[in-house]
Amino acid sequence: GDILDDYSKTDGVWILTRNKQLYKTNNERECADKCEAERNFTCRAFLFTRKILQCLTLAENAKMTVTFTSTDTDLYEKRIYLMQCKRGIGTDYRGTEAKTQRGIPCQKWAEKIPHKPNYTPEKHPNAGLEENYCRNPDADESGPWCYTTDPATRFDYCAIPECEDQCMQCNGEDYRGEVSRTESGLECQRWDVQEPHMHGFILKHYPEKDLKMNYCRNPDGELRPWCFTTNPNKRWEYCNIPRCTTPPPVSGLDSQCLSGRGEDYRGRIAVTESGNACQHWNTQFPHKHGWIPDRYPCKGLEENYCRNPDGEKKPWCYTTNSSIRWEYCTIPPCDTTEQGIAGMNDVPVQAPLTEECYRGKGQSYRGTASVTVSGKKCQAWSSMFPHRHIKTPDRFPDADLRDNYCRNPDGDSSPWCFTTDPNTIWEYCNLKRCDDHTQQ
C-alpha cells in the first residue's frame with residue numbers, strides 16, 4: 001500500500017520540537033521515506049512544506065508538544081504513535097500506558113533496578129522499548145507488559161484496550177476504521193464519486209453508515225466490510241479487517257417480543273404463522289441457505305428459533321416442510337407482552353392498559369403509542385440515533401420518557417416523538433384528543 005496510509009495528515013499545522021532533522025525532498029512520500037529511515041531518533045511525525053520542498057522529521061507528535069498554524073505546511077503523524085489501543089496481541093503498540101493492570105508503575109526498560117531485564121533497548125532496538133511504556137517485545141499472547149517497580153513482582157501485563165476501529169465486531173456493520181484497500185490490495189473508490197463504478201450508496205441516503213472518504217464499510221449486511229474499487233475491471237471486493245478478540249458490547253436486553261421489525265428478537269418461538277416447524281439454522285436440509293450461524297455471529301441464529309437477520313418486515317425461519325422454503329412467524333408484540341420475560345419460553349402476560357387518546361396538551365399521556373401522524377416509527381428517547389437530542393429521561397424525569405412511546409415533555413400542543421427516519425427529526429403522534437365531557 002501507499003506509505004502515507006500509515007500517517008494521519010493535518011493541513012496547515014507546525015509543531016514545536018527539539019529533536020528534528022532537516023531534508024530536501026520532492027514530495028510527501030519521499031519525506032515519509034526519510035522518517036522511516038531516521039536513525040538519529042524515533043521518528044513519530046514529519047512536517048512537509050510544499051513551496052520550498054522542505055522535510056522535517058520529528059521525534060515528537062502533536063500529543064507530546066504544542067502546535068502552531070502554518071499555512072503552507074502539512075503535519076504527518078505516524079498513526080501507530082497516536083493509538084492508545086492495541087491491535088491483536090499488541091506487538092506494534094506504541095502508546096504511553098506505563099502501569100500494569102493492577103496499577104503498579106512500570107520499570108524503565110533501560111534500568112536494572114529492581115529487576116534485571118532480559119529485554120532491553122540495546123538488544124531489541126525495533127521493539128519500541130522507550131521510557132517505561134508497556135510493550136510486547138516477545139510477542140506474548142497475553143499482550144503488552146512491563147517489568148514492574150515492585151521488587152516482589154518481576155513483570156505483569158498492562159490493561160490496553162483493543163482498537164475497535166482496527167478490527168470488526170459481528171460482520172463489521174459498525175466498523176468505522178480507515179482501511180481503504182481491498183484484500184487483494186486494490187485502492188477503494190470514494191463513496192461520493194460515481195466512477196469508475198456507478199452505485200446507489202449515497203451518503204445522504206445512508207447517513208448512519210458513515211460512508212466517508214474511501215474507507216471500507218458494510219452498509220448492506222454483507223459478510224464483512226467492502227468497497228467499490230478504483231479498478232474499472234473489478235466492481236467491488238471485501239477488505240481484510242480482522243475480527244476483534246473482545247466480545248461485542250451488550251446493547252441492552254435481547255427482546256423477547258416483537259418491537260419494530262424484530263431484528264433484536266431473541267425469544268424461543270420456533271414455529272411459523274401457518275404452523276410449520278422451523279428448520280435449524282445450522283442445517284441445510286430440507287432447504288439450502290446462506291444464513292450460517294458461524295458467518296453471522298451476532299444475528300442470534302440459535303437452534304431453530306424465529307429470527308430476522310436480513311431486515312425483513314418481521315422474524316421468520318426456513319421451514320421443515322420441503323415444499324415451503326420459509327415463512328414469517330407470529331411473535332407477540334411488545335405492547336402486549338412483558339419485555340423482560342423470565343423463564344424459558346415466550347409467555348404472554350397481561351398487557352398494560354393502553355391509552356388511545358390524550359387530554360389537554362397530552363402532557364399526562366402515558367400510553368404506548370409509538371407511531372407518528374405520517375406512519376413513522378418513533379425513536380427511543382434514550383437513543384441518539386438517528387437524531388441527537390436533549391430530551392432524555394434523566395433531563396425530564398417526570399415526563400415518563402420510556403422506550404419510544406409518544407410523550408410531550410416540553411409542553412407542545414400534543415404528544416410527539418423523534419422519528420427513526422433520518423430525514424425527519426420529529427413529528428406529532430397519531431393520537432386523538434379524548435372526548436371527555438366530565439372534565440372542565
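1. Charge. In this predicted model, the protein chain carries 57 positive and 64 negative charges.

2. Secondary structure and overall form. The protein chain has 15 strands and two helices. Its radius of gyration is 28 Å, whereas the globule rule gives 22 Å for 440 residues, so the protein chain is more spread out than a compact globule. The C-alpha trace spans about 85 × 60 × 55 Å along its principal axes.

3. Burial and surface. Of the 440 residues in the protein chain, 41% are buried, taking buried as under 20% relative accessible area. The accessible surface of the protein chain amounts to about 24,400 Å². Carbon and sulfur atoms account for 49% of that surface.

4. Contacts along the sequence. Consider the contacts in the protein chain between residues at least 6 apart in sequence: 61% of them join residues at least 24 apart.

5. UniProt, in an unreviewed entry, lists "domain: Kringle" for residues 84–163, 166–244, 256–334 and 356–434. These assignments come from the record, and such annotations may be inferred rather than shown by experiment.

6. Two of the annotated spans. How far apart are the end C-alpha atoms of residues 256–334? They lie 8 Å apart, and the span is 0% helix and 8% strand. For residues 356–434 the end C-alpha atoms are also 8 Å apart, with 0% helix and 13% strand over the span.

Definitions and conventions: Residues numbered from 1 in each chain as written. Predicted model: local features only at pLDDT ≥ 70, side-chain atom pairs only at ≥ 80, totals over all residues. Heavy atoms only, no water. Helix = DSSP H or I, 4+ residues; strand = E, 2+ residues; numbered from the N terminus. Rg over C-alpha atoms; globule rule 2.2 N^0.38 Å. Buried < 20%, exposed > 50% of the residue type's maximum accessible area, 1.4 Å probe, protein only. Contact = heavy atoms within 4.5 Å. Areas by Shrake-Rupley, 256 points an atom, 1.4 Å probe, with all protein chains shown as cover. Lys, Arg positive; Asp, Glu negative; His and termini not counted. Charge placed at Lys NZ, Arg CZ, Asp CG, Glu CD.
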